[in-house]
Amino acid sequence: MLENETPDSHGCPGPLWDHHGEVVELYGTEGTGKTELLYHLLCRCVLPVANGGLEVDVVFVDTDYSLDMLRLVSILDSRLNAARSTSSSSADSNEEALHLCVSRLLVVHCSSSSQLILTLHFLETSLSSRPGLSLLVIDSISAFYWLDRCEGGASVAKQEEKLSKCAELLVGLLRNYRITVFATCHAIRRSYNGASCSDSGRPYLCRPWQRLVTHRLLCSRQEAANNMAATAGSSTEKSSRPVFTVHCTSSGSEAKAYSSTSFHVTERGVKFI
């Protein structure tokens, strides 16, 4: 988490990535902060325990080819520098710590549903050889939605066949290795004002995937000119930042739980408000 944060201080149901076996879907239109939340999550996982991290390995499956390693490394470096300013560690040790953080991240690129299926199939090898691997991130699970629909023709079963197979493979990985899965999902329509998706976040992916999801984060963005969160004493810089909001729905054994939180995006990453 960010400096001086407590895991459950922002309305979310605790640190979701600490709950082994959970599947979290980040849903929203483009530009609603999904990627920045993933960077925040990756930093939280790969940073050393001494710097407020979990010090675990992560597999990042990039289906959109949108992972910005420079941005991620910049955030990691700023977090490590902030920790160094309160200790006596040297610049060399900071560089070594940054290298170790990056080494905990395994990035895989997929350009089709078939490649995603093969990646998930062979992921068991990585999980067996790297006991510290605790998190799987897929950005995004909906990348091949339209391609699969086109290839499936008029048959809904054919259209959903590949994603259903991905869900089946994930069930096995969750059962055998108790990993946590985070996946982004693009909204397929926009409303006329561009503020939210016209289907109000209604799930559209196949039922096997929907049944797998335990937490759903609906992401939205409010421009500074329209947001009333800035107070009279706020600086111009702060009030000019867009506000990103995440509404969380958690499916438990008893009843659904709802919560929400908001954040700004800064040079140092996500800053909760």
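**Close-up views of the sheet and its helices**

**View 1. Pairing of strands β2 and β4.** Valine 58 has leucine 135 of β4 as its bridge partner. Strands β2 (residues 57–62) and β4 (residues 133–139) run parallel and are joined by 6 bridges. Two strands are said to pair if DSSP finds at least two bridges between them. Helices (H or I, at least four residues) and strands (E, at least two) are DSSP runs, numbered from the N terminus. The model is predicted: local features need pLDDT of at least 70, side-chain atom pairs count only at pLDDT 80 or more, and totals for chains, interfaces and linings use all residues. Residues are numbered from 1 along each chain as its sequence is written, and side-chain values use heavy atoms, with hydrogens and water left out.

View 2. The 9 strands follow the order β3-β2-β4-β5-β1-β6-β7-β8-β9, with mixed pairing. The edges are formed by β3 (105–109) and β9 (269–272); each has a single partner strand, so one side of each is left without a neighbour in the sheet. On average, neighbouring strands are turned by 25° against each other, direction ignored. Axes are lines fitted to C-alpha atoms, for helices over the stretch in contact, and angles run from 0 to 180 degrees between N-to-C directions.

**View 3. Strand β6 between β1 and β7.** Strand β6 (residues 215–222) runs parallel to β1, with 4 bridges joining the two. Glutamate 25 stands opposite arginine 216 in β6. With β7 (residues 243–251), β6 runs antiparallel through 8 bridges. The bridge partner of arginine 221 is phenylalanine 244 in β7.

**View 4. Helix α6 and its bend.** The 22 residues of α6 (residues 156–177) should span 32 Å at 1.5 Å a residue, which agrees with the 31 Å between its end C-alpha atoms; the expected span is 1.5 Å times one less than the number of residues. At lysine 162, α6 bends by about 40°, the bend being the angle between axes fitted to the seven residues ending there and the seven starting there. Arginine 178, with a positive phi near 55°, follows α6.

**View 5. Glutamate 124 in helix α4.** Glutamate 124 lies in α4 (residues 113–129) and counts as partly exposed because its relative accessibility is 36%. Beyond neighbours within four places in sequence, glutamate 124 is in contact with Leu173 and Tyr177, contact meaning heavy atoms within 4.5 Å.

Note on methods: Buried < 20%, exposed > 50% of the residue type's maximum accessible area, 1.4 Å probe, protein only.
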